[in-house]
Amino acid sequence: MLEKKIGFIGCGNMSKAIIGGLVAGGVLKPENIWVFDHKPATNQAMQQQYGITPAQSAEEVAKQADILFAAVKPNVILKVLKEVASSLNKETLVVSIAAGVTLDSLAMALGHDRKIVRVMPNTPALVNEGMTSVTPNALVTQQESEEVVAIFNSFGKAAVVDEYLIHAVVGVSGSAPAYVFMFIEAMADAAVLGGMPRAQAYQFAAQAVKGSAQMVLETGKHPGELKDMVCSPGGTTIEAVKVLEEKGFRAAVIEAMRQCMAKSEALSKKS
Ligand SMILES: NC(=O)C1=CN([C@@H]2O[C@H](COP(=O)(O)OP(=O)(O)OC[C@H]3O[C@@H](n4cnc5c(N)ncnc54)[C@H](O)[C@@H]3O)[C@@H](O)[C@H]2O)C=CC1
Ligand SMILES: O=C(O)[C@@H]1CCC=N1
């Protein structure tokens, strides 16, 4: 068990997913997780649900934390970090989850002598299946970097990537659950069209996506080969594959992600 205090400034969708993962994984004692959201009801609800310690201010979390998660929206993160910079201990590791906010701008807000890690998680952290990229700055030691990877590994998978790859990470995992949910919803709609009750349709669609993803991860086979295994000659699947190709399924996914990555890049230039 990690004998450190972890603080969160901002407790919305993403912090809840990370805290849920940390507590479920038994990574550290819940009371060693300090939370400050500017909505007091959120802090109380988190204390009730997880037994974490609610803080009175962002400064209090900053003072307490060995590892401080900055988990507010990208448009306010630099202001929030500037305000707490003088409350941080010299060795505190600041972890930013904000999309499009670079290590450089974070160092500008916090001071250039700060240990900073930029991460890009995703909401499946809430069910122990997160995927997170970890990008430390030059002051973070190998051991500290491994500690952050271990935190995210405890509720999914995590890997260190160079900062220039973060736009790709946003596209392929940070934002990806949204498009996967749309795919599941669309498949379930079709099953309902075929007469299946709605709740059962979500179960079948979601399990089909989960099982297919598991096959990619476990067999190491090329996704095309796995697709071919489903397509019987003259069968049903190849009919569906033909329509998806005609309707530009792959092109739509690639273009959607290209725009997502471009937005991530544009946000980085603004910050
Ligand atoms: N939602 C997602 O799937 C992902 C989000 N992110 C990043 O995570 C960050 C947070 O996103 P979400 O959790 O989705 O947003 P959210 O809007 O759900 O949560 C932000 C929280 O910060 C609080 N807050 C705002 N200003 C504050 C302040 N000055 N002091 C204390 N608390 C304050 C709000 O009350 C809210 O609870 C963003 O920077 C986003 O780019 C990264 C990866 C995935
Ligand atoms: O939509 C967003 O900006 C954030 C970043 C990755 C997922 N959600």
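**View 1. Cysteines in a predicted model without disulfides.** The structure holds zero disulfides, a disulfide being a pair of cysteine sulfur atoms within 2.5 Å. This is a predicted model, in which local features need pLDDT of at least 70, side-chain atom pairs count only at pLDDT 80 or more, and totals for chains, interfaces and linings use all residues. Residues are numbered from 1 along each chain as its sequence is written, and side-chain values use heavy atoms, without hydrogens or water. Cys231 counts as buried because its relative accessibility is 17%. Cys260 is buried too, at 16%. Buried means under 20% relative accessible area, for a 1.4 Å probe and protein chains only.

**View 2. The second largest pocket.** Its volume is about 930 Å³, the space filled by probe spheres set on grid points joined across faces, edges and corners. A pocket is an open set of points on a 1 Å grid over the protein atoms alone, where a 1.4 Å probe fits, with protein on both sides within 12 Å along at least five of seven lines; lining residues have an atom within 4 Å of a point. Of the 34 lining residues, Met14, Ala71, Val72, Lys73 and Pro74 are closest to the pocket centre.

**View 3. Helices lining the second largest pocket.** H1 (13-24), H4 (74-84), H7 (166-174) and H12 (249-270) each give two or more residues to this lining. H4 gives the most, with five. Helices (H or I, at least four residues) and strands (E, at least two) are DSSP runs, numbered from the N terminus.

**View 4. The buried side of helix H7.** Ile166, His167, Val169, Val170, Gly171 and Ser173 are buried in H7. Their cover includes strands E6 (115-120) and E7 (130-136), along with helices H8 (176-193) and H12.

Definitions and conventions. Chains lettered and ligands numbered in written order. Buried < 20%, exposed > 50% of the residue type's maximum accessible area, 1.4 Å probe, protein only. Contact = heavy atoms within 4.5 Å.
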